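Subject: Model handover

Hello,

Here is the model for you to look over. My notes follow below it.

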Amino acid sequence: MAQANPRILPGYRLSISFTLVYLSVLVIIPLGACVVTATQLSWEQFRAAVWTERARAAYALTFGASLAAALISAVLGLLIAWVLVRYEFPGRRIFDALVDLPFALPTAVAGLVFSNLYVANGWLGQFLVPLGIEGSYSRLAVVLVLTFIGFPFVVRTLQPVLGALDAEAEEAAALLGASRWQTFRRVTFPALLPGLLTGFALAFARGLGEYGSVVFVSGNMPLKTEIAAFLIVSRLEEGRPNSYREATAIATVLLAASFLMLVFINRLEARSRKWSG
């Protein structure tokens, strides 16, 4: 009798077919349609649409703010995950539940709340604006709201990793005379690095695609606080014959750049896993 392969679950063909159809209908076909629409422009038209001074400023703010917010989220997420996993304190479950709030909260609500907090007469803005800290309608505002949206990805990625860490390795390092910082740097952090990079990549990707919250806090000023997603919407609203194609051209540039950066981060994560293992 032929032995069945235990690695193949019952219904394998059906499930893989469903997965391929799902990916094709919801991911591959829409992205392919975006690229095909953009290719209907000539090279001169494509370059004129995606490489204007306004477009370059929007790219720089979108990627720069997303990168800065992801880095801040990585630090804050590591700290919050460490506290929630390693310490017991009153209200711990409540704080753990609050981490998921940015997932459930509509991003437009988050943008509205942040814009009201940091304006000159807001609860926080009345103290920060006289100090020269503009937390609303500025680039700093974009970073703040993207950090609020991105840090839960880091926390939820690191919590199971921290929970599964072997405490005996840390105890052995302490018995051998290592300080707490040395134990963290040489024993704990290498094990956390792959998960931290995963959370960073998720927060970065979320920031690149964010629109609803940013439009409320940035002011959407061309060349200053306009993100690429808002530039795409602006192109669509112009109503010119090539407006839709120009919008998809800008979207294609964002798609290509995001894909390349995520591939780089994933390769870095894979190398960190090999190094930590």
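In which helix is S234 found? S234 sits in helix 12; helices (H or I, at least four residues) and strands (E, at least two) are DSSP runs, numbered from the N terminus. S234 counts as buried because its relative accessibility is 11%, and buried means under 20% relative accessible area (exposed is over 50%, partly exposed in between; 1.4 Å probe, protein chains only). Neighbours within four places in sequence aside, S234 is in contact with R54 and E226. Contact means heavy atoms within 4.5 Å.

Before the rest, the ground rules. This is a predicted model, in which local features need pLDDT of at least 70 and side-chain atom pairs count only at pLDDT 80 or more, while totals for chains, interfaces and linings use all residues. Residues are numbered from 1 along each chain as its sequence is written, and side-chain values use heavy atoms, with hydrogens and water left out.

Overall fold

The protein has 13 helices and zero strands. Its C-alpha trace spans about 75 × 70 × 30 Å along the principal axes. Of the 277 residues, 37% are buried. Among contacts with a separation of 6 or more, 74% join residues 24 or more positions apart.

The UniProt record, an unreviewed entry, annotates residues 59-265 as "domain: ABC transmembrane type-1". Such annotations may be inferred rather than shown by experiment; feature names are shortened, and positions are given in the numbering used here. That span is 76% helix and 0% strand, with its end C-alpha atoms 19 Å apart.

Helix 6

Helix 6 covers residues 107-118. Its 12 residues should span 16 Å at 1.5 Å a residue, and the end C-alpha atoms are 17 Å apart, which agrees. The expected span is 1.5 Å times one less than the number of residues. A110, G111, F114, S115 and Y118 are buried in helix 6. They cover an arc of only 130 degrees around the axis, so they lie on the same side of helix 6. The arc is taken from the directions from the helix axis to the C-beta atoms. Their cover includes helix 7 (125-128), helix 8 (139-164) and helix 11 (214-217).

Largest pocket

A pocket is an open set of points on a 1 Å grid over the protein atoms alone, where a 1.4 Å probe fits, with protein on both sides within 12 Å along at least five of seven lines; lining residues have an atom within 4 Å of a point. The largest pocket is lined by 15 residues, and G209, A251, L254, L255 and S258 lie nearest its centre. Helix 1 (12-38), helix 10 (180-209), helix 12 (228-238) and helix 13 (243-276) each give two or more residues to that lining. Helix 13 gives the most, with six.

Best wishes
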